[in-house]
Amino acid sequence: MAKPEAKMISVEVAYALPTDQMIIPLQIEEGCSLYQAVVQSGIADYYPEIDPETQPMGIFGKAVRNPKQQALREGERVELYRPLKVDPKQARANRAAKAKAGRAD
């Protein structure tokens, strides 16, 4: 008896730097995890700093705690996250201080 064909779904794997971004469209088997999609995409070949074992990732801006267990659905985009250079609270405080200094002139 032949094994039934696995259903394939379309997803994307995305990574962005301040000066560059890459979005890789991918056909994967239904039930594939975020981690598996990242490995299959080959994106680490383009960006050697990406380590799928430790890279924070999510779906459409929402972080996923365990990418090896989270299955993807049709049309979802896996996003690989970089560390923040400045804490968001500190960045807000810096902008407020700059605006206040500009008004004092």
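**Figure 1. Nine-bridge pairing of β1 and β2.** The antiparallel strands β1 and β2 are joined by 9 bridges. Strands pair here if DSSP finds at least two bridges between them. Strands (E, at least two residues) and helices (H or I, at least four) are DSSP runs, numbered from the N terminus. A hairpin is formed by β1 and β2, with 4 residues between them. Val-13 stands opposite Ile-24 in β2. Ala-14 has Ile-23 of β2 as its bridge partner. In a regular strand, side chains alternate between the two faces of the sheet.

This is a predicted model, in which local features need pLDDT of at least 70, side-chain atom pairs count only at pLDDT 80 or more, and totals for chains, interfaces and linings use all residues. Residues are numbered from 1 along each chain as its sequence is written, and side-chain values use heavy atoms, with hydrogens and water left out.

**Figure 2. The open sheet of 5 strands**. The strand order is β2-β1-β5-β3-β4, and the pairing is mixed. The edges are β2 and β4 (62-63), each pairing on one side only. β1 and β5 run parallel, joined by 4 bridges. In this pair, Val-13 stands opposite Val-78 in β5. Tyr-15 likewise faces a β5 residue, standing opposite Leu-80.

**Figure 3. Strand β3 and its antiparallel neighbours**. β3 covers residues 57-59. It is joined to β5 by 3 bridges, and the two strands run antiparallel. Another 2 bridges join β3 to β4, again antiparallel. Gly-58 takes part in both views. It stands opposite Glu-79 in β5. Gly-58 also stands opposite Ala-63 in β4.

**Figure 4. The largest pocket.** About 170 Å³ of space lies in this pocket. Of its 13 lining residues, the closest to the centre are Tyr-15, Ala-16, Leu-80, Tyr-81 and Arg-82. A pocket is an open set of points on a 1 Å grid over the protein atoms alone, where a 1.4 Å probe fits, with protein on both sides within 12 Å along at least five of seven lines; lining residues have an atom within 4 Å of a point. Its volume is the space filled by probe spheres set on the points, which are joined across faces, edges and corners. β1 (8-16), β2 (21-29) and β5 (77-80) each supply at least two lining residues. The lining divides into 9 nonpolar, 1 polar and 3 charged residues. Nonpolar means Ala, Val, Leu, Ile, Met, Phe, Trp, Tyr, Cys and Pro; charged means Asp, Glu, Lys and Arg; the others, Gly among them, are polar.

**Figure 5. The salt bridge between Lys-7 and Glu-30**. The closest N and O atoms of this pair are 3.9 Å apart. The pair links distant parts of the chain, 23 residues apart. Lys-7 lies in the segment before β1, and Glu-30 in the loop between β2 and α1 (34-41). The whole structure holds 4 salt bridges (a side-chain nitrogen of Lys or Arg within 4 Å of a carboxyl oxygen of Asp or Glu).

**Figure 6. Lys-68 over the face of Tyr-35**. Lys-68 lies at 4.6 Å from the ring centre. A charge sits over a ring if NZ of Lys or CZ of Arg is within 6 Å of the ring centre and within 35 degrees of the ring normal.
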